[in-house]
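I opened this notebook to keep track of what I looked up, one topic per entry. What can a careful reader find by going through a structure piece by piece?

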Amino acid sequence: MIAAHRNTNMPMKLSQLMSRMDALYEYDREPVAPDQLKTGWQFASLLAGEHVAGTEFVIGAFFVLHGVTAADLILGLVIGNLLAVLSWTFVCAPVAVQNRLTLYWYLRRIAGPGLTAIYNVANAVLYCILAGAMIAVSATAIGLPLGVKTPALTDVYPTNPAWVALTFAIGAAFVTLAILGFEKLSNFARVCAPWILAIFVVGALAVLPRLGVHANLDNFWEIAKARIWNGVTSPGQDKFSVWHIIFFAWFCNLAMHIALSDMALFRYARHWAYGLYSAFGMYPGHMLAWLCSGIMVAAVGRQMDPGMMAAEAAGIAGPVAVVLAGWTTANPTLYRAGLALQCVTPNWPRWKVTLIAGFITTVLSCFPVIFMRLLDYVAIYGLVLMPMGAVVVAEHWLFPLLRIPRYRAEQTGSAVNWRAGVVWAGTLAACFLMPMHLFFRWLPGYLFALVLYTALNLHLRKPAPA
Amino acid sequence: MFRTVFGLMAALSLAACLASGILVFLGCVESETYRRMLSVASLAWFVSAAAWSGKSTRPLEKQGEANSSER
């Protein structure tokens with residue numbers, strides 16, 4: 001079990017903050033008991049439902065705009081998603097199954113409660129930006145019948161007051177719903193997932209004849225190469241190769257697998273191999289849905305307007321799917337941002353924290369750059385959290401091999417493991433300076449973090465037994 | 001009993017959604033008919049799937065969701 005050592009010299013405010021933070025996560029403080037473990041089927045159904053979100057309408061379409069070729073896309077998605085599944089299976093699930101704790105509690109033992117609080121706030125800010133992108137995506141659908149013009153691909157700031165008013169209205173609606181009842185809404189969100197995936201498939205099928213594909217599919221590959229993923233970049237977009245696709249598909253959920261957020265889920269797994277069930281989420285959600293949204297954007301002349309694209313492909317059901325996909329992503333994201341922020345707000349009720357997180361999110365959603373640069377944001381999101389995943393993996397796997405004592409922060413009662421803090425900041429600085437595309441920086445950054453954290457603790461190594 | 005009926009209705013509605021796309025791709029129905037079919041099947045899905053979901057409990061999701069991150 002987890003010993004909650006406290007340094008008696010710790011400043012009162014920090015001590016209070018930690019107490020509040022621990023109280024929030026109290027319900028999952030103990031490791032999962034054997035009788036609470038879940039079946040593979042439960043994992044498969046949950047993961048299949050969770051990977052069809054509003055982002056899928058934008059990501060697949062962006063691959064077309066970034067001039068990826070059809071062969072590169074298929075190969076990249078097969079390999080990249082496989083690497084993501086293997087990351088869940090060999091990195092996240094084994095750690096989760098061995099200690100049966102959430103990342104929060106495990107990180108607390110390793111990094112100390114102070115650094116864990118900072119990690120929580122960073123997570124909350126990243127959640128707010130993600131939810132902001134979802135509000136903007138939904139605004140493209142709701143703005144369609146209202147005649148609100150979707151910002152251009154290269155827009156950074158809001159270009160018209162109608163867009164600002166629309167995003168504020170949608171943001172207010174999403175935040176109100178998130179405050180009123182997360183539980184019931186999240187149940188409804190799960191109902192939406194299979195239907196949203198169906199709309200992706202149906203929408204793509206419906207526009208194929210418009211692109212010139214024959215009913216017997218004999219010319220599908222030729223059309224795919226010439227009219228959908230034809231290797232031509234749209235203005236202002238950089239060219240993507242197979243490597244960009246492999247790395248994007250791999251790091252799209254970096255925060256969940258390599259950065260270990262999904263320990264919360266896999267601590268209920270009977271075996272670490274349950275990580276393989278993530279394939280039920282990756283291949284329908286992050287392969288099929290991305291391919292379908294690529295086909296849909298090609299059919300509307302490569303206009304990055306998810307609402308219009310879906311309406312053209314699926315009629316009224318299309319924009320409804322965009323709004324629901326955006327909302328089902330934004331709703332739990334707002335909830336989690338509120339939960340993460342609640343640890344640093346002085347005894348505020350959940351509704352108040354969600355309201356603040358929602359307001360920040362809504363303001364962010366006005367800025368078109370939030371969703372027009374979504375691929376870069378997804379990369380940054382994973383990159384920011386990745387070093388702490390490396391710290392946990394080093395402490396979990398490498399330290400016992402090297403006879404370095406584990407959980408020093410817990411044992412010494414220190415609030416902040418400064419070595420973990422140095423690794424976090426140092427890795428981000430190193431990634432910032434790396435002379436390569438943003439998509440490729442996380443992997444050398446991860447290895448750098450593993451080596452640096454191990455090196456910083458090497459002097460604590462115990463002598464080998466005689 | 002009701003749960004089974006709602007589950008079956010939900011599965012059929014989802015199949016109808018997919019069928020509408022296949023039919024328009026094969027050229028068996030016009031675009032307008034396809035859109036109408038899809039709207040009706042979608043409505044049927046939401047009614048039946050919501051009723052089916054309301055009658056089931058999924059403990060794994062409840063326990064995991066508060067700390068699992070967005071995808």
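This is a predicted model: local features need pLDDT of at least 70, side-chain atom pairs count only at pLDDT 80 or more; totals for chains, interfaces and linings use all residues.

**Entry 1: chain B.** I began with how chain B holds together, and among its contacts between residues at least 6 apart in sequence, I found that 71% join residues at least 24 apart. The secondary structure of chain B comes to 3 helices and 0 strands, and read from the N terminus the order is α-α-α. I also noted that, of the 71 residues in chain B, 37% are buried.

**Entry 2: helix H1 of chain B.** I then looked at helix H1 of chain B, which covers residues 2-26 and so has 25 residues, as the element list uses DSSP runs. From its first C-alpha to its last, H1(B) reaches 36 Å, close to the 36 Å expected at 1.5 Å a residue. Which residues of H1(B) are buried? I wrote down Phe6(B), Ala10(B), Ser13(B), Leu14(B), Cys17(B), Ser20(B), Gly21(B), Val24(B) and Phe25(B). I recalled that an α-helix has 3.6 residues a turn, so residues three or four places apart point the same way. Just after H1(B) comes Gly27(B), with a positive phi of about 80 degrees.

**Entry 3: where the two chains touch.** Next I turned to the contact between the chains, which takes 43 residues from chain A and 31 residues from chain B. On the side of chain A that touches chain B, at least two residues each are supplied by helices H2 (40-50), H6 (113-146), H8 (182-211), H11 (263-266) and H14 (317-341) of chain A. Which helix gives the largest share of that side? I found that H8(A) does, with 14 residues. Sorted by class, the side of chain A that touches chain B has 27 nonpolar, 10 polar and 6 charged residues.

**Entry 4: the nonpolar core.** I looked up the largest nonpolar core, which has 187 residues, and in which Ile196(A) and Val391(A) have the most contacts. Leaving aside neighbours within four places in sequence, I found Ile196(A) in contact with Val52(A), Ala321(A), Leu324(A) and Ala325(A).

**Entry 5: Ala420(A) and its helix.** I picked Ala420(A), which has its place in helix H19 of chain A. Is Ala420(A) buried or exposed? I marked it as buried because it has 29 C-beta neighbours inside 10 Å, and the cut-off for a buried residue is 20 or more. Apart from neighbours within four places in sequence, Ala420(A) is in contact with Ile110(A), Ala111(A), Leu115(A), Val391(A) and Tyr453(A); Val391(A) is one of the two residues noted for their contacts inside the core. Between the C-alpha atoms of Ala420(A) and Cys431(A), which are 11 residues apart along the chain, I read a separation of 16 Å.

The helix itself, H19 (residues 418-433), has an axis that comes within 9 Å of the axis of H20 (residues 442-457) of chain A, and the two cross at roughly 150 degrees. I noted the crossing of H19(A) and H20(A) as right-handed. Among the residues that make this contact are Ala420(A) and Cys431(A) of H19(A) and Tyr453(A) of H20(A). By class, the contact of H19(A) with H20(A) divides into 10 nonpolar, 4 polar and 1 charged residues.

**Entry 6: positive phi values.** I remembered that most residues other than glycine have a negative phi, and I looked for departures from this. In the loop between helix H10 (242-251) and H11 of chain A I found Leu260(A), with a positive phi near 70 degrees. Leu260(A) counts as buried because it has 29 C-beta neighbours inside 10 Å. Arg302(A), in the loop between H12 and helix H13 (306-314) of chain A, has a positive phi near 60 degrees. I put Arg302(A) down as partly exposed because 16 other C-beta atoms lie within 10 Å.

**Entry 7: helix H13 of chain A.** Lastly I followed the chain into H13(A), which is mostly covered, with 9 of its 9 residues buried. These buried residues include Pro306(A), Met308(A), Glu312(A) and Ala314(A). After H13(A) comes Gly315(A), whose phi is positive, near 65 degrees.

Conventions
Residues are numbered from 1 along each chain as its sequence is written. Chains are lettered from A and ligands numbered from 1 in the order in which they are written. Axes are lines fitted to C-alpha atoms, for helices over the stretch in contact, and angles run from 0 to 180 degrees between N-to-C directions. Helices (H or I, at least four residues) and strands (E, at least two) are DSSP runs, numbered from the N terminus. A crossing is left-handed if the near helix is turned anticlockwise from the far one by less than a right angle, and right-handed if clockwise. Two residues are in contact if their C-beta atoms, placed from the backbone, lie within 7 Å. Ala, Val, Leu, Ile, Met, Phe, Trp, Tyr, Cys and Pro count as nonpolar, Asp, Glu, Lys and Arg as charged, and the others, Gly among them, as polar. A nonpolar core is a set of buried Ala, Val, Leu, Ile, Met, Phe, Trp, Tyr and Cys residues joined through C-beta atoms within 7 Å. A residue is buried if 20 or more other C-beta atoms lie within 10 Å of its own, exposed if 12 or fewer, and partly exposed in between; C-beta atoms are placed from the backbone. The expected span of a helix is 1.5 Å times one less than its number of residues.
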